[in-house]
Structures are given as structure tokens and as C-alpha cells.
Amino acid sequence: MKPIFRLMNLMLKTEKSQARMRMIEYRQKVSAMMIYDHLPINDIFRKIDDNTVLGLMDFKGVSQPFFFVLKRDI
């Protein structure tokens with residue numbers, strides 16, 4: 001399986017930027033936002049604690065954002 005994963009990684013890897021990060025004010029709090037170059041999606045991130053980040057996916061055309069939690073694997 002390892003050679004397959006290496007090949008997939010090479011195929012999906014890019015030297016070009018696909019998104020950028022910016023600090024923005026979102027709902028009266030400064031948050032990090034990832035703005036994708038070719039997708040109608042903005043991801044907003046807020047730190048909860050040293051191991052947890054709350055994420056919010058703002059998808060163009062969808063009225064309610066999608067919330068998710070990222071946890072550091074310790």
C-alpha cells in the first residue's frame with residue numbers, strides 16, 4: 001500500500017498555491033479565514049484551546065454554515 005500512497009501524494013501535490021489565509025473580523029471577533037482560489041468556500045477558524053480549533057465552512061449559496069471541530073492528535 002505504501003507505494004500507492006506515495007504515487008497518490010505525487011499526483012495530488014502541487015507547487016502552486018490553492019488557497020490563502022487572512023485575518024478577518026467575523027461576527028465581531030478576529031478570526032483566521034482560508035480563502036480558496038477555485039472553490040466558492042471560505043473556512044473560518046477560531047482557537048478554542050491549545051488542542052482544539054472551531055471551524056466554520058461558509059459555502060456560497062448555502063444559507064447556514066457548516067461547523068466542525070479540529071482536535072490535535074496527542
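**View 1. Arg20 and Asp37 meet in a salt bridge, their closest N and O atoms 2.8 Å apart.** A salt bridge here is a side-chain nitrogen of Lys or Arg within 4 Å of a carboxyl oxygen of Asp or Glu. This is a predicted model, in which local features need pLDDT of at least 70, side-chain atom pairs count only at pLDDT 80 or more, and totals for chains, interfaces and linings use all residues. Residues are numbered from 1 along each chain as its sequence is written, and side-chain values use heavy atoms, with hydrogens and water left out. The Arg20–Asp37 pair links distant parts of the chain, 17 residues apart: Arg20 sits in strand β1 (residues 19–26) and Asp37 in the loop between β2 (29–36) and β3. Strands are DSSP runs of E, at least two residues long, numbered from the N terminus. Arg20 is partly exposed at 35% relative accessible area, and Asp37 is partly exposed at 33%. (Buried means under 20% relative accessible area, exposed over 50%, and partly exposed in between, with a 1.4 Å probe and protein chains only.)

**View 2. Lys47 and Asp50 form a salt bridge, 3.1 Å from N to O.** Lys47 is exposed, with 62% relative accessibility, and Asp50 is exposed too, at 55%. The count for the structure comes to 2 salt bridges.

**View 3. Asp43, in strand β3 (residues 41–49), is buried without a salt bridge.** The nearest side chain of opposite charge is that of Arg20, 13 Å away; Lys and Arg count as positive and Asp and Glu as negative, while His and the chain ends are not counted. What does the side chain of Asp43 make a polar contact with? Its partner is the side chain of Tyr36, at 2.6 Å. (A polar contact is a pair of N or O atoms within 3.5 Å; within protein, one must be able to donate a hydrogen and the other to accept it, and residues adjacent in sequence count only if both atoms are side-chain atoms.) Beyond its neighbours within four places in sequence, Asp43 is in contact (heavy atoms within 4.5 Å) with residues including Leu56, Met57 and Phe68.

**View 4. Ring pairs join Phe45, Phe66 and Phe68 into a cluster.** The structure holds 2 aromatic pairs. (Rings of Phe, Tyr and Trp, the last by its six-membered ring, pair if their centres lie within 6.5 Å; planes under 30 degrees apart count as stacked, over 60 as edge-to-face and the rest as tilted.) Phe45 and Phe68 pair edge-to-face, 6.2 Å centre to centre with 80 degrees between the planes. Phe66 and Phe68 are stacked, at 6.3 Å and 25 degrees. Both Phe45 and Phe68 are buried.

Terms used. Helices (H or I, at least four residues) and strands (E, at least two) are DSSP runs, numbered from the N terminus.
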